[in-house]
Protein chains: 2
Amino acid sequence: MPKAKEEDFLPLRDSVYNKLRQAILTGEYPPGERLMEVHLGDKLGVSRTPIREAIRMLELEGLVTMIPRKGAMVSQITEKNMSDVLEVRRALDILCVQLACERITSDGMAELRRARDNFERAVATNDSRRIAQADVEFHNVIIRATGNDRLISLEDSLSLPMYRYRYEYIKDSSGHDNLVKEHRKIVNAIEKRNPEAAASEAGEHIDNQRRSIMRQIRLEREEETINALYGKRTIR
Amino acid sequence: MPKAKEEDFLPLRDSVYNKLRQAILTGEYPPGERLMEVHLGDKLGVSRTPIREAIRMLELEGLVTMIPRKGAMVSQITEKNMSDVLEVRRALDILCVQLACERITSDGMAELRRARDNFERAVATNDSRRIAQADVEFHNVIIRATGNDRLISLEDSLSLPMYRYRYEYIKDSSGHDNLVKEHRKIVNAIEKRNPEAAASEAGEHIDNQRRSIMRQIRLEREEETINALYGKRTIR
DNA sequence: TCCTATAACTTTGTATACATAAACGAACGG
DNA sequence: CCGTTCGTTTATGTATACAAAGTTATAGGA
């Protein structure tokens with residue numbers, strides 16, 4: 001048989017899931033937006049069945065909220081909610097670097113250095129989009145180095161709610177210098193296989209993220225309040 | 001209006017989800033068992049639609065594994081798999097007690113003491129089932145005391161794969177004395193709001209669990225191998 | 001006898017149809 | 001003018017129908 005058909009067949013539900021997820025994360029569907037099955041199916045050119053299954057998955061990830069007999073809506077991002085996620089992520093990020101210290105291979109280490117350098121080059125360009133991407137990749141290298149599949153998928157899940165704030169938090173970090181320094185410190189700690197140092201650096205790293213995300217949320221909420229006062233329609 | 005209709009309407013998918021989950025956790029559907037939609041629908045008296053949605057949920061929780069165009073099966077419990085889960089749980093359990101130290105209310109503290117005492121009474125009866133239940137409740141009190149909803153639901157998810165081994169690990173703990181002591185130490189640490197001590201005790205607590213679960217898995221695998229040698233049919 | 005090809009069957013993937021509850025609105029009455 | 005009630009509409013919950021892929025079994029030929 002010819003080796004053709006390299007691409008696996010992807011069920012529509014997964015395709016829909018990816019599309020919806022993307023749309024939610026980029027803000028195309030803002031928090032509070034109702035997700036109506038017929039409408040979505042119409043838009044994506046599929047029937048309700050795959051839509052429903054995709055929504056079930058998004059629901060378990062926390063990205064959408066179901067109200068029985070009422071339907072699905074994009075989950076609200078509350079300060080409490082985000083704070084809860086960050087609290088868990090802090091513990092897991094620390095676990096990640098600790099495990100990476102124990103388990104990273106020389107290949108992984110080389111990859112990590114490349115990711116660090118790539119991040120620094122991205123910072124030099126001052127292109128937020130590129131910086132954000134390099135940042136994510138840097139963290140992914142560490143996460144993968146743990147070799148813990150459950151941890152990998154959890155980190156993925158927990159990074160979703162923060163996705164919308166990445167640009168802000170990158171802009172926020174006083175000229176990116178902090179980010180570069182923090183990344184370097186983390187790499188050094190892992191290189192020396194020093195879990196304590198790595199944990200402490202990773203903790204600081206996410207604490208900084210936390211500060212800037214929380215500030216951002218408060219700003220948004222303030223804006224909303226002002227808009228409400230001026231009678232502008234707000235997202236419910 | 002009369003206060004009637006206290007019970008909320010529960011969609012079939014959730015009902016199915018609960019039933020399947022229970023069946024998997026109790027071992028009625030052992031790892032490797034295929035979950036066929038028509039068959040399940042027939043058995044539970046519902047159509048395929050709610051079954052499929054329930055399976056999607058179980059899939060994201062990791063309890064079932066999907067093979068495209070082939071169907072769903074109860075996830076295999078591998079040593080690696082369980083080890084990954086325990087590694088994450090260790091970090092989160094520690095986070096739980098640390099947060100509990102900061103945030104537990106006096107009501108919560110009272111509840112925790114009750115749970116501890118109830119556990120000790122259960123141990124006195126030597127009834128594994130009751131001990132397991134009291135143990136779960138004890139941990140739940142701590143988890144709820146964190147006030148972190150995301151953490152609560154994650155702990156729930158991560159405790160599922162271990163569910164089948166609870167009895168073993170309880171029997172294992174050299175006459176339950178260790179468990180009682182460990183619980184006491186954790187309560188004391190939280191009472192004194194000493195996060196370091198609490199973390200260290202919680203770490204030790206789950207390390208013990210890990211040892212006994214891992215031993216149990218190895219035993220099972222050994223048994224399987226022997227059965228295979230004797231030609232007995234094994235679960236695939 | 002063994003291999004291959006094909007046909008029947010099983011099971012998932014997807015679409016559609018039907019039932020029911022919630023939301024909206026208009027008409028009616030106070 | 002306000003509130004209530006009763007249809008109408010809309011969207012979800014559930015069931016079923018149809019399509020396609022995979023599996024198994026069987027028949028035929030080397």
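**Close-up 1. Crossing of helices α2 and α3 in chain A of the predicted model.** Helix α2(A), residues 37–44, and α3(A) are roughly perpendicular to each other, because their axes cross at roughly 115° and angles of 65 to 115 degrees count as roughly perpendicular. The two axes come within 9 Å, and the crossing is right-handed. On the α2(A) side, the contact is made by A:E37, A:V38, A:L40, A:G41 and A:L44. α3(A) contributes A:R48, A:I51, A:R52 and A:I55.

**Close-up 2. Buried residues of helix α7 in chain A.** Helix α7(A) spans residues 149–159, and A:R150, A:L151, A:L154, A:E155, A:S157 and A:L158 are buried there. These residues lie on the same side of α7(A), because they cover an arc of only 160° around the axis. An α-helix has 3.6 residues a turn, so residues three or four places apart point the same way. The cover over the buried residues of α7(A) includes elements of both chains: α3 (48–61), α4 (79–103) and α6 (128–145) of chain A, and α3 (48–61), α4 (79–103) and α7 (149–159) of chain B. At the start of α7(A), a side-chain oxygen of A:N148 comes to within 3.0 Å of the backbone nitrogen of A:R150.

Close-up 3. Leaving aside neighbours within four places in sequence, B:R89 is in contact with B:E155, B:L158, B:S159, B:M162 and B:I206.

Notes: Residues numbered from 1 in each chain as written. Chains lettered and ligands numbered in written order. Predicted model: local features only at pLDDT ≥ 70, side-chain atom pairs only at ≥ 80, totals over all residues. Heavy atoms only, no water. Buried < 20%, exposed > 50% of the residue type's maximum accessible area, 1.4 Å probe, protein only. Helix = DSSP H or I, 4+ residues; strand = E, 2+ residues; numbered from the N terminus. Arc of directions from axis to C-beta. Contact = heavy atoms within 4.5 Å. Polar contact = N/O pair within 3.5 Å; in protein donor to acceptor, adjacent residues only side chain to side chain. Axes fitted to C-alpha atoms, helices over the stretch in contact; angles between N-to-C directions. Parallel < 35°, antiparallel > 145°, perpendicular 65-115°, else oblique. Left-handed = near helix turned anticlockwise from the far one by under 90°.
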